[in-house]
Amino acid sequence: NLHYQGVQDVDPSEVHERISDVICIDVRQPEEFHGELGHIPDSKLIVLDTIEEHLQEIPKDKPVVLVCRSGSRSARATAFLLANGWSQVFNMKGGMLLWNELH
């Protein structure tokens, strides 16, 4: 990722292929999660500004993919988790905009 050192971007097509192996966390607002762009099936909504209060809900033993509208907020969330001890966290490149283009 160009904006956050250490943050690895994954392509939505790779997330789609490995959907049963990863935990998807959507960091958008509830109205976006339920809005026109929709959300990835079985993804968990944890709004970016509240992520610190929900750390216990994010597994450290499975790959976690963070998702937002375009990939910016989720990159910030990924960087935050990396700084707080997570190692298997990834940012979905292009967010739900790119996901919807591809699926």
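## Charge pairs and cores in a predicted model

Visitor: Which side chain meets Lys93 in a salt bridge?
Guide: This is a predicted model, and here the N to O distance is 3.4 Å. A salt bridge needs that distance to be within 4 Å. The side chain that meets Lys93 this way is Asp11.

Visitor: How many residues apart in sequence are the parts that Asp11 and Lys93 tie together?
Guide: Asp11 lies in the loop between strand S1 (9-10) and helix H1 (12-17). Lys93 lies in the loop between strand S5 (89-92) and helix H4 (95-102), so the pair ties together parts whose separation in sequence is 82 residues.

Visitor: Are Asp11 and Lys93 buried, exposed or partly exposed?
Guide: Asp11 has a relative accessible area of 26%, and Lys93 has 39%. Buried means under 20% and exposed over 50%. That makes Asp11 partly exposed, and Lys93 is likewise partly exposed.

Visitor: What about Arg28 and Asp26, buried or exposed?
Guide: These two form a salt bridge, with the closest N and O atoms 2.8 Å apart. Arg28 has a relative accessible area of 1%, and Asp26 also comes out at 1%. The cut-off is under 20%, so Arg28 is buried and Asp26 is buried.

Visitor: Which residue pairs with Lys44 in a salt bridge?
Guide: The N to O distance is 3.1 Å for this one. Lys44 sits in strand S3 (residues 44-45) and its partner in the loop between S3 and S4, so parts 13 residues apart in sequence get tied together. Lys44 is partly exposed at 32% relative accessibility. The partner is Glu57.

Visitor: How many salt bridges does the whole structure hold?
Guide: Asp11 with Lys93 is one of them, and Lys44 with Glu57 is another. A search of the whole structure gives a total of four.

Visitor: Which lysine lies over the face of Trp86?
Guide: A charge sits over a ring if, among other things, NZ of Lys is within 6 Å of the ring centre. Here the distance from the ring centre is 4.5 Å. The residue is Lys60.

Visitor: Which elements give two or more residues to the largest nonpolar core?
Guide: That core has 14 residues, and those touching the most other members include Ile25, Leu66 and Leu81. The elements giving two or more residues are strand S4 (64-67) and helix H3 (72-83).

Visitor: What does Leu81 touch, leaving out residues up to four places away in sequence?
Guide: Leu81 is among the core residues that touch the most other members. Its contacts on that count are Leu55, Ile58, Leu66, Trp86 and Val89.

Notes. Residues numbered from 1 in each chain as written. Predicted model: local features only at pLDDT ≥ 70, side-chain atom pairs only at ≥ 80, totals over all residues. Heavy atoms only, no water. Lys NZ or Arg CZ within 6 Å of the ring centre and 35° of its normal. Core = buried A, V, L, I, M, F, W, Y, C linked by side-chain atoms within 4.5 Å. Buried < 20%, exposed > 50% of the residue type's maximum accessible area, 1.4 Å probe, protein only. Helix = DSSP H or I, 4+ residues; strand = E, 2+ residues; numbered from the N terminus. Contact = heavy atoms within 4.5 Å.
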